[in-house]
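Open the model in your viewer and keep the selection panel at hand. The tour goes stop by stop, with something to select at each one.

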Amino acid sequence: MSPSLQPPPPALLRQLKLIVGEEHVRHETADRVVYSYDASVYRGLEALAVAYPENVRQVAELVRGARARASTGARSRRRPPSSSPCPA
């Protein structure tokens with residue numbers, strides 16, 4: 001079963017690429033699905049994109065951007081909890 005993910009907002013992709021560089025941002029469905037859950041039984045947030053920072057400055061910039069996005073009321077893509085465990 002392949003998930004149906006909305007495309008990431010272009011403004012978000014531009015911001016991530018400015019912070020970590022285009023080669024360190026992934027937004028393909030497979031990458032987003034892998035990073036959208038962990039070992040818990042609950043489905044978490046849908047990953048809009050995945051960024052791979054290389055240093056503390058980039059991590060700080062990513063956190064600042066996430067906080068700014070949250071404070072502007074950016075649309076949440078929270079999924080309801082799942083009753084089945086995540087795939088192994």
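The elements run α-β-α-β-α. That gives three helices and two strands. Keep in mind that this is a predicted model.

Now show the surface of the whole chain. Its accessible area is about 6,300 Å². Carbon and sulfur atoms account for 57% of that area. The chain has 88 residues, and 25% of them count as buried. Next, consider contacts between residues with a separation of 6 or more: 70% of these join residues 24 or more positions apart.

**Stop 1: the core**

Hide the surface. Select Leu 12, Leu 13, Leu 16, Ile 19, Val 20, Val 25, Leu 48 and Leu 62, and show their side chains. These eight residues form the largest nonpolar core. Which helix gives the most to this core? Helix α1, residues 10–20, does, with five residues. In soluble globular proteins, nonpolar side chains tend to be buried together.

Centre the view on Leu 16. Beyond its neighbours within four places in sequence, Leu 16 is in contact with Gly 21, Val 25, Ala 49, Ala 51 and Leu 62.

**Stop 2**

Look down the axis of α1. The buried residues of α1 are Leu 12, Leu 13, Leu 16, Ile 19 and Val 20. They lie on the same side of α1 because they cover an arc of only 130° around the axis. What do they pack against? Their partners are β1 (25–26), β2 (50–51) and α3 (56–71).

Then step off the end of the helix. Gly 21 follows α1, and its phi is positive, near 95°.

**Stop 3: a salt bridge by Lys 17 and Glu 22**

The count of salt bridges comes to three. Begin with Lys 17 and Glu 22. Their side chains meet in a salt bridge, at 4.0 Å from N to O. Is Glu 22 buried or exposed? Glu 22 is exposed, with a relative accessible area of 56%. Lys 17 counts as partly exposed, at 27% relative accessibility.

**Stop 4**

Select Arg 32 and Glu 46. The closest N and O atoms of this salt bridge are 3.2 Å apart. The pair links distant parts of the chain, 14 residues apart: Arg 32 is in helix α2, while Glu 46 is in the loop between α2 and β2. Arg 32 is buried, with a relative accessible area of 2%. Glu 46 also counts as buried, at 13% relative accessibility.

**Stop 5: Ala 47 and its surroundings**

Move along to Ala 47. Ala 47 lies in the loop between α2 (29–34) and β2. Its relative accessible area is 12%, so Ala 47 is buried, the cut-off being under 20%. Which residues does Ala 47 touch, apart from those up to four places away in sequence? Arg 32, Tyr 35 and Ser 36.

Draw a distance between the C-alpha atoms of Ala 47 and Tyr 35. They are separated by 6.4 Å, though the two residues are twelve apart along the chain.

**Stop 6: a nonpolar surface patch**

Stay with Tyr 35. Tyr 35 is found in the loop between α2 and β2. Tyr 35 is partly exposed, with a relative accessible area of 47%. Together, Val 34, Tyr 35 and Tyr 52 make a nonpolar surface patch of about 290 Å².

**Stop 7**

Finish on helix α3. Select Glu 61 and Arg 64. Their side chains meet in a salt bridge, at 2.7 Å from N to O. Why are the two about one helical turn apart? Because Arg 64 and Glu 61 are three residues apart in helix α3. An α-helix has 3.6 residues a turn, so residues three or four places apart point the same way.

Arg 64 is partly exposed, with a relative accessible area of 48%. Glu 61 is partly exposed too, with a relative accessible area of 28%.

How values were computed:
Residues numbered from 1 in each chain as written. Predicted model: local features only at pLDDT ≥ 70, side-chain atom pairs only at ≥ 80, totals over all residues. Heavy atoms only, no water. Helix = DSSP H or I, 4+ residues; strand = E, 2+ residues; numbered from the N terminus. Buried < 20%, exposed > 50% of the residue type's maximum accessible area, 1.4 Å probe, protein only. Contact = heavy atoms within 4.5 Å. Areas by Shrake-Rupley, 256 points an atom, 1.4 Å probe, with all protein chains shown as cover. Core = buried A, V, L, I, M, F, W, Y, C linked by side-chain atoms within 4.5 Å. Arc of directions from axis to C-beta. Patch = residues over 30% accessible without salt bridge, like charges linked within 9 Å, V, L, I, M, F, W, Y side chains within 5 Å.
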